[in-house]
Amino acid sequence: MHKYFLRLRDLSTFVFVTIIATIFYSTSTVAADGKTIYDANCKSCHEKGVGGAPALSDKKQWQSRLEKGIDGLVEIAINGIQGYGGSMPPRGGNPNLSDAEVNAAVVYMVDLVR
Ligand code: HEC
């Protein structure tokens, strides 16, 4: 009986630690990874403004866009946009990116251009 309780307690401790670690890990990676996600998925178009994309080096191109706010820009980045000068595929062309990852990349970009 005693042995059984011990195992049960160990198991719940393990589950608890795993849940906490998972929560901590997922929030910390999303927060830290904006640059990594941008570099891998967005930089090719947005660094220099390839194909009509607003360049990160040109704050002027971002002024009117920033008025949409982070949420508005994230929604557009998730869905893609057909613009005048060019078009952007949904999630920058990477369907594996989560909403949170697209969000992190947009936050990283907006921090640089506002
Ligand atoms: C294939 C090139 C390409 C890639 C890759 C790309 N974009 Fe874009 N992006 C564009 C173009 C082109 C526009 C401008 C469309 C327009 O409004 O004319 C744009 C516009 C945007 C805007 C502004 C939207 C608006 O409403 O003003 C945001 C924010 C954005 N991209 C975020 C991202 C993020 C985040 C990634 C990576 C996950 C990414 N883009 C990857 C081409 C790209």
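What share of the 114 residues of the protein count as buried? The share is 20%. Here, buried means that 20 or more other C-beta atoms lie within 10 Å of a residue's own, with C-beta atoms placed from the backbone.

## The model

This is a predicted model: local features need pLDDT of at least 70, side-chain atom pairs count only at pLDDT 80 or more, and totals for chains, interfaces and linings use all residues. Residues are numbered from 1 along each chain as its sequence is written.

## Overall layout

The protein has six helices and two strands. Their order from the N terminus is α-α-α-α-α-β-β-α. Both kinds of element are DSSP runs, numbered from the N terminus: helices are H or I with at least four residues, and strands are E with at least two.

Now take contacts. Two residues are in contact if their C-beta atoms, placed from the backbone, lie within 7 Å. Of the contacts with a separation of 6 or more, 63% join residues 24 or more positions apart.

## Around the ligand

The shell around the ligand holds 29 residues. A residue is near a molecule if its C-beta atom, placed from the backbone, lies within 6 Å of it. Cys-42, Cys-45, Gly-83, Met-88 and Gly-92 come nearest. Four elements, α3 (43-46), α5 (69-79), β2 (87-88) and α6 (99-113), each give two or more residues to this shell.

By class, the shell has 15 nonpolar, 11 polar and three charged residues. Nonpolar covers Ala, Val, Leu, Ile, Met, Phe, Trp, Tyr, Cys and Pro; charged covers Asp, Glu, Lys and Arg; the others, Gly among them, are polar.

## The largest nonpolar core

A nonpolar core is a set of buried Ala, Val, Leu, Ile, Met, Phe, Trp, Tyr and Cys residues joined through C-beta atoms within 7 Å. The largest one has 13 residues. Val-102, Ala-105 and Val-106 touch the most other members. Two or more residues come from each of α2 (34-41), α5 and α6. The largest share, five residues, belongs to α6.

## One side of α2

Which residues of α2 are buried? They are Gly-34, Ile-37, Tyr-38 and Asn-41. These residues sit on the same side of α2, because they cover an arc of only 100 degrees around the axis. The arc is that of the directions from the helix axis to the C-beta atoms.

The cover over these buried residues includes α3 and α6. Leaving aside neighbours within four places in sequence, Ala-105 is in contact with Gly-34, Ile-37, Tyr-38, Asn-41 and Cys-42.

## A loop residue

Arg-91 lies in the loop between β2 and α6. Its phi is near 55 degrees, a positive value in a residue other than glycine. Arg-91 counts as buried because 20 other C-beta atoms lie within 10 Å.

Definitions and conventions
Buried ≥ 20, exposed ≤ 12 C-beta atoms within 10 Å, placed from the backbone.
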